[in-house]
Amino acid sequence: MRMLDWQNGQPYSARFGDVYFSRDSGLEEKQYVFLQGNRLAERFTLLPKGSALSIGETGFGTGLSFLCAWQLFDKVAPLRTSLDFFSVEKYPLDEEELSAALALWPELRPYADELMLRWRRRVPGWNRWSFAGGRVRLTLVIDDVTKALPETHGIDAWFLDGFSPGRNPEMWTQQIFHWITCASRAGATFATYTCAGVVRRGLEQAGFQVRKISGFGRKREMLQGELPGAPPVRPAPSTAIVIGGGVAGCTAASALTNRGLVVELLESQTLGAGASGNPIGILHARLSAGMNVLHRFVLASYGHALALLDEKLPVDDVMRSECGELQLSFSAEEARRIEKLAALDWPSHVFRPVDAVEASALAGIELSYGGLWFPGSGWLAPPQLCAALLGRQAITLYTGCTVKSLTPTSHGWRVQAEDRRKQAWSLEAEIVVVCTGYRVKSLPALANLPLTPVRGQLTLIPATPASQNLRTIVCGSGYLAPAVAGRHVVGATHRFNDTSINLNVSEHAENLSRLREISPVLHKLSDDVTQDTRQLEQLDGRASIRGSVPGAMPLVGELLPGLYTSLGHGTRGLITAGLSAESVAATACGQLLPLPLSVVNALSPARRISPAAPVSVKE
Ligand code: SAM
């Protein structure tokens, strides 16, 4: 649906009957009203090393204010500081509209180009994107302002920019002003172009000291002000140990390094040796229309994962493919789930419903069902992702190093480990992030976390001339990926409390049997292989153990002071590990969280440890 209209060459909203920014000069208006109004040049310049400033905005619109803030930060902020920009937008522009609006400002082109690259990954709800190597973080909530504001905190400066109070009174209610105060840190400032009495009085009532100053251009006056007090100074940690070299550990190490921490990564085997060692993993976002806390987390994680992959892992024939995924309505239950999701009428770049004819055309082989088409999904090679995440970053990697115990010290944690020759050694850091998957059970302090091992086996089958045509991932009760180097990956089994990793013929047969239901071509492929016992026995594959949590919500956050976990990602780790890492790193550094507070609370490991078996570790 079109959001943007044009009036005299300027972006205009017919819905609200108002302009997105001043007709005189949008750029200068933003700089005057919001940047100067919040004294940002001075505040950016004076940011202490290792700290971040967070801006909150009501109304993302064309993103012009964000780009102006980023440009100023880029010019004046010292190294090793960062910027968080939180904004909310109920009616996001589409790619064409955004690109046309931002083309008005050639001086912002490099910043606008970066924003455009992420824009195609936007999902309804919470989006977290990193720019400038992680120095600038955008948290964009695509939702109504009343849903977004109560879910965040830690804002230092506000841009109040939600169309004029006369045209859009819902953006300027007393309730909104109250939430703005609750989401602010002590000493937070605000600026807005309006000087309407309802805004002045409302912000005063919510606790702000409010002043009128000269407005921009033809506007005589505007408002600015601040909350009393000064923001608490909480020094960010400078050293971290991450335990576990799978996707959860590598994303955590990368997110912490981006924030300037010195990171050491310990892995008992080799990088990506456990559940992250499969040759191919699929990006499978299984959602339900109820959008409970788990599904809000999975959706935000999906958008984040695609943007992170764009940054870290190029699409090519070996490491990553954006071939799309078809989730098929192969059962009555799935058909109901898919029908409800389709009725949400989300933008088609996230997913759209397709019938069996279109699904078959997309897949390149005949399929028996329609379903949902996720064009941004695909497969990737998890070990390559692990390597790319560590990349050229200054992370010290210790492989063959098994952690035996964790002990708190006066200024952080000591990690005691054994190398391959059983030599004991220890490391210390201010914080520790445990990303060991189900193997956390071997750490005495953490054995009570509600984590169950689940064995999963995938099968590699040689492509046939017919199956070679498959172009997308197809998902029924199992999944099949397009052939890579002449073989398809078929997955995957689930065996609770089984930690063996040998290949099992019956599980190959189980994987193949699930293909029968979704396509005549795959039915034949499955029969041909399963009826030939010798061929079945010789099939290649891989079994690994995932960590699973009741309710499927991973255990992400602070467990004890300075001790964090990113565990229990189950079968969704490729999607959920990246945003979990952002959440852990932001929490550890006292920065703006990338997720709604309700989701952060639901992820918290500390809240999910059984009271009968608390975690305690002694110094
Ligand atoms: N800051 C923007 C920029 O730099 O382009 C301009 C913002 S424009 C004046 C106001 C924005 O608020 C519009 O994009 C509009 O869609 C959004 N908006 C209006 N009502 C909203 C609501 N209830 N919740 C969230 N966003 C809303």
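Start with strand β30, residues 540–548, which is mostly covered: 7 of its 9 residues are buried. Keep in mind that this is a predicted model.

What does β30 pair with? Strand β25, residues 452–462, is joined to β30 by 9 bridges, and the two run antiparallel.

Now the annotation. The UniProt record, an unreviewed entry, places "domain: FAD dependent oxidoreductase" on residues 241–586. Over residues 241–586, the chain is 29% helix and 28% strand.

On to the ligand. How many residues surround the ligand? The number is 24, and the closest are Glu 57, Gly 59, Thr 62, Glu 89 and Asp 161. By class, the shell splits into 10 nonpolar, 7 polar and 7 charged residues.

At Glu 89, an N or O atom of the side chain lies 2.5 Å from an oxygen atom of the ligand. At Asp 161, a side-chain N or O atom is 2.6 Å from a nitrogen atom of the ligand. Leu 64 takes part through its backbone: a polar atom there is 3.2 Å from a ligand oxygen. As for cover, the ligand has 610 Å² of accessible area on its own, and the protein covers 98% of that.

That is what I have. Questions are welcome.

Note on methods:
Residues are numbered from 1 along each chain as its sequence is written. This is a predicted model: local features need pLDDT of at least 70, side-chain atom pairs count only at pLDDT 80 or more; totals for chains, interfaces and linings use all residues. Side-chain values use heavy atoms; hydrogens and water are left out. A residue is near a molecule or strand if one of its heavy atoms lies within 4 Å of it. A polar contact is a pair of N or O atoms within 3.5 Å; within protein, one must be able to donate a hydrogen and the other to accept it, and residues adjacent in sequence count only if both atoms are side-chain atoms. Accessible areas come from the Shrake-Rupley method with a 1.4 Å probe; for residues, only the protein chains shown count as cover. Ala, Val, Leu, Ile, Met, Phe, Trp, Tyr, Cys and Pro count as nonpolar, Asp, Glu, Lys and Arg as charged, and the others, Gly among them, as polar. UniProt positions are given in the numbering used here, feature names are shortened, and annotations may be inferred rather than shown by experiment. Helices (H or I, at least four residues) and strands (E, at least two) are DSSP runs, numbered from the N terminus. Buried means under 20% relative accessible area, exposed over 50%, partly exposed in between (1.4 Å probe, protein chains only). Two strands pair if DSSP finds at least two bridges between them.
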